[in-house]
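The following exercises are intended for a reader meeting this structure for the first time. Each task is followed by a solution in steps.

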Amino acid sequence: MSLSSGQELDKNQRNLEILFLEYRKPIYRFVYRFTQDEQLSVDIVQDTFIKFNKYQSNYDEKQSNIKTYLFRIAYQLMVNRIKRRERMKKILPFLNQQLFNSEVTTEDRLTIQWALKMLSKEQRVVIILMYYHDLTQQNISDILEIPLGTVKSRVHHGLLKLRQLMEVEEGE
Amino acid sequence: MSKKEMPNKLRNQLQLFQVDVPAFSMKKSRLERYADWLMYPVKSPLEKLRIRFESFNKVIIYPLLIVFIVSFLPLFLI
């Protein structure tokens, strides 16, 4: 028995809500650790599910798992928002600056938040995905849409820089 | 390198960055987004003009410097 379009919509809506409950926290944490901006992180999570809802038909579960797919959407949205912000900053430099972001105190230094910020965006994203989200390098390569070799190299250089910033010795 | 191969000290430090997730709904209206944008904290554009301790030095030194330059400039132009 086939479902009517109304029932189909209800079912999609319910599935979306289940997905939201399951993935809103990991996606929020991913975006927050990358941007360290609460409002932006909430917006990105909401936009991720709006976009997923809109293009749900494009999702093929044989090609990628749902976690990878949602993280990819969130990453793309985040990159676009950051680019837009940077453009905006050039035009109106006083906008989009957090009040307490400009000055880094000595206490802030040597914290992991500070060290992650010091990494390049490319290195930061791979470290966050690998360490905090237990994603394999292959998954990371799918999310960022970059070759596996590039992921490995970014992980290597990112960890090296992070160790230098946090003053962690090689053998520890 | 995988997560397990990372130095213990670095893993412990990464572990310190915990994130609390605030409560929020799946959708937000345009009005709410606009309100958030309006209420977002920004730096004052007049920040550069604020009076600080070194401002007094600048107020005294800059005019003197200008007078000095203007008075000695003709010597180089002759």
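**Exercise 1.** Determine which residues A:Ser64 touches beyond its sequence neighbours, and decide whether A:Ser64 is buried or exposed.

Solution. The model is a predicted one. Leaving aside residues up to four places away in sequence, A:Ser64 touches A:Tyr59, A:Tyr69 and A:Arg72. As to its place in the chain, A:Ser64 belongs to the loop that joins helix 2 (38–54) to helix 3 of chain A. The relative accessible area of A:Ser64 is 10%. Buried means under 20%, so A:Ser64 is buried.

**Exercise 2.** Locate A:Thr111 and classify its accessibility.

Solution. A:Thr111 is found in the loop between helix 3 and helix 4 (112–118) of chain A. Its relative accessible area is 28%. The limits are under 20% for buried and over 50% for exposed; A:Thr111 is therefore partly exposed. A further step concerns A:Met166: in sequence, A:Thr111 and A:Met166 are 55 residues apart, while from C-alpha to C-alpha they are 7.7 Å apart in space.

**Exercise 3.** Describe how helix 3 and helix 5 of chain A are arranged relative to each other.

Solution. Two packed helices are described by the angle between their axes and the distance between the axes. The axes of helix 3 (residues 66–91) of chain A and helix 5 of chain A come within 13 Å, and they cross at roughly 150 degrees. Because angles over 145 degrees count as roughly antiparallel, helix 3 of chain A is roughly antiparallel to helix 5 of chain A. The crossing of these two helices is right-handed.

The next step is to name the residues that meet. Helix 3 of chain A contributes A:Lys67, A:Phe71, A:Tyr75, A:Ile82 and A:Glu86, and these meet A:Lys121, A:Val125, A:Leu129 and A:His133 of helix 5 of chain A. Sorted by class, this contact has 5 nonpolar, 1 polar and 3 charged residues.

**Exercise 4.** State where confidence is lowest and where it is highest in chain A.

Solution. For chain A as a whole, the mean pLDDT is 84, and 84% of the residues reach 70 or more. Confidence is lowest in helix 1 (residues 5–35) of chain A, with a mean of 87, and highest in helix 5 (residues 121–133) of chain A, at 93. Where pLDDT is low, the predicted coordinates should not be read in detail.

**Exercise 5.** Summarise the secondary structure and burial of chain B.

Solution. Chain B has 3 helices and 0 strands. Read from the N terminus, its elements follow the order α-α-α. Chain B has 78 residues, of which 17% count as buried.

Note on methods: Residues numbered from 1 in each chain as written. Chains lettered and ligands numbered in written order. Predicted model: local features only at pLDDT ≥ 70, side-chain atom pairs only at ≥ 80, totals over all residues. Heavy atoms only, no water. pLDDT = per-residue confidence, 0-100. Helix = DSSP H or I, 4+ residues; strand = E, 2+ residues; numbered from the N terminus. Axes fitted to C-alpha atoms, helices over the stretch in contact; angles between N-to-C directions. Parallel < 35°, antiparallel > 145°, perpendicular 65-115°, else oblique. Left-handed = near helix turned anticlockwise from the far one by under 90°. Contact = heavy atoms within 4.5 Å. Nonpolar A, V, L, I, M, F, W, Y, C, P; charged D, E, K, R; others polar. Buried < 20%, exposed > 50% of the residue type's maximum accessible area, 1.4 Å probe, protein only.
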